Amino acid sequence: ADILTQRGSNIRAWGTMDSTTAEGATMTTNGATPRRRTPRKMTYSQSVEKYLRESQWITDAEAPAVTTLRSLADALDNGPLVPALVAQFGMTFRALQKREPAAAGEKDELDGLLDDAPGD
C-alpha cells in the first residue's frame, strides 16, 4: 500500500514521517515533540458502545456494570450535565475497567491512597 494511504501515517511537507500509536500519541522521526491525537467527539453512549466492542473480555458477569454504564450514558446524553452523574459514570467505568483480567492485580492511584489512609 502507498505510504500516503496507510492508516495512522502521514508525510509532512519536509519529508518526515509521523505515525500514530494505538494510545493516540504521535511518534515522529525528526525528533520533534510528540503530540496527542484528539479523539473524535462522541456522545457518552457512543463511547460506551465503542469501549464494549473493543473489550472482548466482558461477559454476562459484568452485565450489572454494563447496564448501569449505559443508563448513565443515556442520562448524560439526553439531560442536563449533572456533576453527580458525571462522577458516577466515571466511578462505574473505572470499576468495570478493574474487572479486566489484565488489570485484576493493579490498583489505581485513588485505591492506593485509600488503602494507606488511617481509620477503619
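1. Contact here means heavy atoms within 4.5 Å. By that definition, what covers the buried residues of helix α2 includes α1 and α3. Buried means under 20% relative accessible area, exposed means over 50%, and partly exposed is in between, with a 1.4 Å probe and protein chains only. Helices (H or I, at least four residues) and strands (E, at least two) are DSSP runs, numbered from the N terminus.

2. The model is predicted: local features need pLDDT of at least 70 and side-chain atom pairs count only at pLDDT 80 or more, while totals for chains, interfaces and linings use all residues. Residues are numbered from 1 along each chain as its sequence is written, and side-chain values use heavy atoms, with hydrogens and water left out.

3. Overall layout. The protein chain has four helices and three strands, in the order β-β-β-α-α-α-α from the N terminus. Of its 120 residues, 18% are buried. Among contacts between residues at least 6 apart in sequence, 31% join residues at least 24 apart.

4. Helix α2. This helix has 16 residues and reaches 22 Å from its first C-alpha to its last, close to the 22 Å expected at 1.5 Å a residue; the expected span is 1.5 Å times one less than the number of residues. Its buried residues are A65, V66, L69, L72, A73 and L76. Seen down the axis of α2, they fall within an arc of 130°, so they line one face of the helix. The arc is that of the directions from the helix axis to the C-beta atoms. P64 and N78, on the other side of α2, are exposed.

5. Helix α3. Residues 83–98 form this helix, and its 16 residues should span 22 Å at 1.5 Å a residue; the end C-alpha atoms are 23 Å apart, which agrees. F89, G90, T92 and L96 are the buried residues of α3. Viewed down the axis of α3, they lie within an arc of 165°, so they too line one face of the helix. P83 and A84 are exposed on the other side of α3. The cover over the buried residues of α3 includes α1 (44–54) and α2 (63–78).

6. Aromatic pairs. Rings of Phe, Tyr and Trp (its six-membered ring) pair if their centres lie within 6.5 Å; planes under 30 degrees apart count as stacked, over 60 as edge-to-face and the rest as tilted. The count comes to two aromatic pairs. Y44 and F89 are edge-to-face, at 5.1 Å centre to centre with 75° between the planes. Y44 lies in helix α1 and F89 in helix α3, so this pair ties together parts that are 45 residues apart in sequence. Y44 is partly exposed at 26% relative accessible area, whereas F89 is buried at 12%.

7. The other pair, Y51 and F93, is also edge-to-face, at 4.8 Å centre to centre and 65° between the planes. Y51 in helix α1 and F93 in helix α3 are 42 residues apart, and the pair links distant parts of the chain. Y51 is buried at 15% relative accessibility; F93 is partly exposed at 23%.

8. Second largest pocket. M42, T43, Y44, S47, V48, K50, Y51, E54, F89 and F93 line the second largest pocket. The largest share of this lining, six residues, comes from α1, and α1 and α3 each supply at least two residues.

Technical notes:
On a 1 Å grid over the protein atoms alone, a cavity is a set of points where a 1.4 Å probe fits but cannot get out, and a pocket is an open set with protein on both sides within 12 Å along at least five of seven lines; lining residues have an atom within 4 Å of a point.
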